[in-house]
Amino acid sequence: MTGKKRMLTLIGCSMFIFMLFPLAYAYTPGSVQVTVRDYDSGAALSGVEVSMEPGGYVDITGPSGVVTFTNIMPYRNYTVAATLDGYAEDQYGSGRTGFVQVKTGETTLVNIPLKKASSISGQVTTGGVPLADIMVALLRWQVGPGLGFGGGWPYLQAIATTRTDLDGNYVFPSIADGVYSIRAAADSYYLATEEITLSRDEDAIQDFLLTPGTPALTVTVTFDGLYYGQLNSIQGGGLISERDPYIYMAMLDVPPGAEVNIDEQVAHYYTANAPGDYTAAMVYTDKTSGVCSEGIGTDTLLNHPTEAHPSVIPGPSELPLLYDGVTYATSRGTTVVTPGETVYLRGWGRDYNVPSPEEFNSAAPMFDIYGNKNGDWNQSDFSFAWSLRDGLGADQTALLSSTTTRNVSFTVPAGASAGDTYIASLEVTGDLGLADTPTDITIAVASTIGTAMCAMCHSDVNATYVNTRHNSFGIGCEYCHGPGSQHMSDTTKIGKTHWPGNCGQCHGQFAEWQKSRHSDPLAFGHAEPSDGQRRTCYKCHYTDGFIGAVESGEAFSTFKHPLEAGENAPRDTPNISCDVCHDPHDQSVSNPVGIRTGSPESLCDTCHEKKWQNATYTGTGDTLKAAIHWDDYSQYQGAGNPHQMPDACVSCHMATDITDTDAYGVRKVGGHSLRMRDVGADGDPGTADDLLNITVCQGCHPGLTTFDRNSTMTRIKNKLNLLDIRLKSANKGYLPPFLPGKCATCHKGGTLAFSNETAERTLEKAYLNYKLILHDRSFGIHNPGYIERLLDDTIAAVEPYTLITLSSFTATPYNQAIRITWSTEAEMDNAGFNIYRAETEGGEYLKINADLIPSEGSPAQGASYELIDEDVENRQKYYYKLEDIDFDGVATMHGPVQATPRLVYGST
C-alpha cells in the first residue's frame, strides 16, 4: 500500500496484524469513555467530534456527551481531542487531554471541558480610509515553556495572524477568553498596539487607526523550505538586529484544500500538508522608530521522493523478533562476507512528507510480544523493490528471497571468489506514489586472514583485545568484522555494524535484551526532529553518538555533538545496542565485561541522569527540574535512600537469582531484560500469574513475597490517585496536556496552564510532581521515603485550591416550576451549595435556598442533587447559578443555565 494513511485503513490493518502475530501475552483490550461538557455549566455537549491517537479513532458525541472507543490496545499512551463549532480550541488545554493510559480489560474515563468561543473583530483605517491586506497579529502572555525545562519567564506569544479585507475589516473568529495584545502592522506605517481583556462567549470590537511613517528596513522574504510535511522556514532579510522581537507572518495564498500550521512560538517556521505554492507575508518593526516594513514571497513545496536506504543486518531480521521463531541471529551483518554465506538485507525509506512512524506505518502492530514498540518501525505504508547484480553487471535478482518485501536475503554462491562483489539495489515508493532513484549497497566477497594479520596494523586495539573474554574463547576480529583479505588493499572493505544481532549470534543475553525497553526503536522518525535537535538526541538515541560522547572526555550531561552530527546521523540504525554499554575491544580484571564508563552505576547515569527514575532514586527531583520541593528533602538523598546500592540500577534490575524462562527459553526477569516483573500470560500486572524478580529484595527483607512491603505501594497509589482527583477538581475535571509532545513521556516536558492557576503556579508545580511519580512507574520502590513525603507535601499544597469537580448542571422547565439538578464527580472539603436566580443573564442573582444544601460527595466519589423552584411564572425565562462553598468559606460560582416554564411540560 502506498500513499497517505486513512482512518479506516489504519484501524482495519492494525487489528489484522495484531491477530496475525501469536503474541505471548493475552492482552485483554480496554476501552476509553470520553465525556465532553460545557466548561462553565458542566452540561453535556452533543455533536462533538472526538478523536483519539494513535489509531485514528473518531466518533461524535450523543445527547449525553459521551463517546466510547472499544477494543483498545492497553499499556500505551493515547491523546484525545474534542472540537465543536462555537467552542474554542483552547491553548490552555480545553478540548484535549494529556496522555491517557488504557489498562487491561478496564474502561478509562476521560473528561474534556470545552469553552464557548469568543471573537475579536475590527477595522483598520488611516485618515478615515480603510486599509486592505494589513497584517493583524493576536498575541497572548504566556509563562513557560514549563517547569520541566526550568522556565517560568513570561513572554508574549503570537497565537494567530490574519489580514484585513478590502474594507479594512479583520476577524479572529474562534478564540478563548483571556488577556490579549493585538497589533496592526502595515508596510510604511507605525505599529499600532492595543490590549484587550476578553470574556468567554464575547464578541469584542477593536479598531485601529494607523499613522504613516518612513520605513528604515527593507524586507526580502526567502524560503528554506523544500517539501511539504516537514518543518519549513521563512526568512525576512533586513536589519534584523533592529527589528521588533516579534515577526508577524501570515499565509496569503495556499493550494486548494491545503492546511498550514504556523509555529507561533517561532513565527518563521511552518508546516503544510500538500505540495504547491505557498505565498507568505512577513512584517518587521524597526525597534527605534516603530515603523513597519513588509515583504512577500512564494514558497514552492514539493513532494519528497522517498529515499532508499538499504543495509546489511545480522539476520534473518534486525532484532530478530521472537515471534518470527528466531532467538539468535545467524549472520554477522557485515557487508564483507565469505562464499556460501547468507546476506540479510533491510530496506528503509526516508520521506520528508511522512516523517513519523504514525504516518508511514499504519498497519504495524503497536507492540512486539514483550510490550515494546518494535512494531512501529516497519514502514508498512511504503513499497519496496529490490534487484541484485554482480560486479560485472550481470543480473542476479533470482538469488533474492523476495523482491518486494522490506527485508530480503540471498546466499552468496559457494563458488564465488575473494574480490567478487554483489550490488543490491533498492527503490522505496512512499507518499503519493513517488520514489527517488534506486540506492545501491555493495557486498564484497573475501577470505579470512587471521587475527595475527589484523594485529600488524591494529596493534593498539589488539593490545587491549588480547585481554578480553572474546580472545580467550578464540573469537578473532573477523568473527565480528567479516573476512579481511580485501581490506589489506582497500581499507573500506571491512565490516562494522552496531546492530545487536552481531552479538546475538552467540550471546543468550541478546534475547533477554529484546524484552527491555532498550530494544525499542528510535523514539522519533529520522526526519521528524530538525538537525539541530537531533544533535542533542544523538548522544543517547544513536550508538555512535553515545560512544562519541563517552570518549570525548567531557561530562556526559553537558556534552553536545557538533551540528553536523545531526545532519549526518544514520538513516537506519538500532537504538541502545550491545556496544553502547560494552566495549568489545577493552576488558580488564576490574572491568571484565568492558563497561564503557568503567562502572554500572556511572553507565546508567549517562542517559538516565535527568530521567524520571533517576530523579526519584536520588531524591533530587528539584535540581533535575523533574519535581518541586516545598521543603528540604536532603534526608532522602544518598545514604538516606535505603535502596541506594553500589551498582545502583544494575543491583536490582539485572539480578539473576530468578531463573524462570518463557516459552522461547528466555529469562523472564532480570539479566539484560532489566525487568522486575513478568506480567504472566494475562498481560496484566498485579495479578496472580506475575513473576517478581524479588529474590534480590529478600537479602534485606527476609520472607518478602511482594514489592508492596508494609503496603507502601498501596499508600502511594492511593495518595497519587487523591492528587489526581484534586488536580482535576481544580481544572474542570481534567489534566492539561504535556509539552512539548512526543518526548514528554521520558523527558518531562512542560505543562500547559491550569484554568484556575495561582500566582505561585501551585497547580503546575503539583502536576510536575504528579508526572514524576506516575512515570517513574515504581510507586515508591526506588525511594519510598522521598516519594511519600513528596506526595504528602504536594497534596497539602493543592488542597486550598480544590473544591468540586462538577459533571453536570441543568435547569428543566415544568408548569410553573423549574427543576435544577447538578452532579459532581468529586468533592474536596466541600461544605455545600447555594442556588442563585436572575431574570436576565447579566442581572442581579438572588439566593433561592433558605439553608446551605449540604455536601454528600467525597474526594473519591461525587453525588447528585436537585432543587425545585416553584416561585416562577410561565413564559418567563430564568437564569440560575450554582455556588459551592468549602469549609473555609471560599466560594466558587458555576453557570448560568436557563429555563422557561410553560403550561405544557417540555415545550419551549
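Author: Two strands count as paired if DSSP finds at least two bridges between them. Strands are DSSP runs of E with at least two residues, and helices are runs of H or I with at least four, numbered from the N terminus. This is a predicted model, in which local features need pLDDT of at least 70 and side-chain atom pairs pLDDT 80 or more, while totals for chains, interfaces and linings use all residues. Residues are numbered from 1 along each chain as its sequence is written, and side-chain values use heavy atoms, with hydrogens and water left out.

Reader: How do you know that strand S28 is paired with S26 and with S31?

Author: Three bridges join S26 (residues 311–313) to S28, and five join S28 to S31 (residues 407–411). Ile313 has Tyr344 in S28 as its bridge partner, and Thr342 stands opposite Thr411 in S31.

Reader: What makes S28 largely enclosed by the rest of the structure?

Author: A residue is buried under 20% relative accessible area, exposed over 50%, and partly exposed in between (1.4 Å probe, protein chains only). Four of the five residues of S28 (residues 342–346) are buried, so the strand is largely enclosed. Across the protein chain, buried residues make up 51% of the 908 residues.

Reader: Why are S3 and S7 called edge strands?

Author: The open sheet has four strands in the order S3-S2-S5-S7, with antiparallel pairing. Strand S3 (57–60) and strand S7 (100–101) each pair on one side only, and they are the edge strands. Tyr78 stands opposite Val100 in S7.

Reader: Why is the pair of Tyr170 and Phe172 called edge-to-face?

Author: Rings of Phe, Tyr and Trp (its six-membered ring) pair if their centres lie within 6.5 Å; planes under 30 degrees apart are stacked, over 60 edge-to-face, and the rest tilted. The structure holds 18 such pairs. In the pair of Tyr170 and Phe172, the centres are 5.8 Å apart and the planes 65° apart, so the pair qualifies as edge-to-face. Tyr170 is buried at 3% relative accessible area, and Phe172 is buried at 3%.

Reader: What makes the pair of Phe546 and Phe556 tilted?

Author: The angle of 50° lies between the two limits and the centres are 5.4 Å apart, so the pair is tilted. Phe546 lies in helix H9 (residues 543–551) and Phe556 in the loop between H9 and helix H10 (563–567), so the pair ties together parts 10 residues apart in sequence. Phe546, at 2% relative accessibility, is buried, as is Phe556 at 11%.

Reader: How do you know that the charged end of Lys115 sits over the ring of Tyr39?

Author: NZ of Lys or CZ of Arg must be within 6 Å of the ring centre and within 35 degrees of the ring normal. The charged end of Lys115 sits over the ring of Tyr39 at 4.8 Å from its centre, and that of Lys717 over Phe779 at 5.0 Å. Both distances fall within the limit of 6 Å.

Reader: Which residues have the most contacts inside the largest nonpolar core?

Author: A nonpolar core is a set of buried Ala, Val, Leu, Ile, Met, Phe, Trp, Tyr and Cys residues joined through side-chain atoms within 4.5 Å. The largest has 26 residues, and Leu727, Leu772 and Tyr786 have the most contacts inside it. Helices H13 (612–618), H16 (712–729), H18 (762–776) and H19 (784–798) each give two or more residues to this core.
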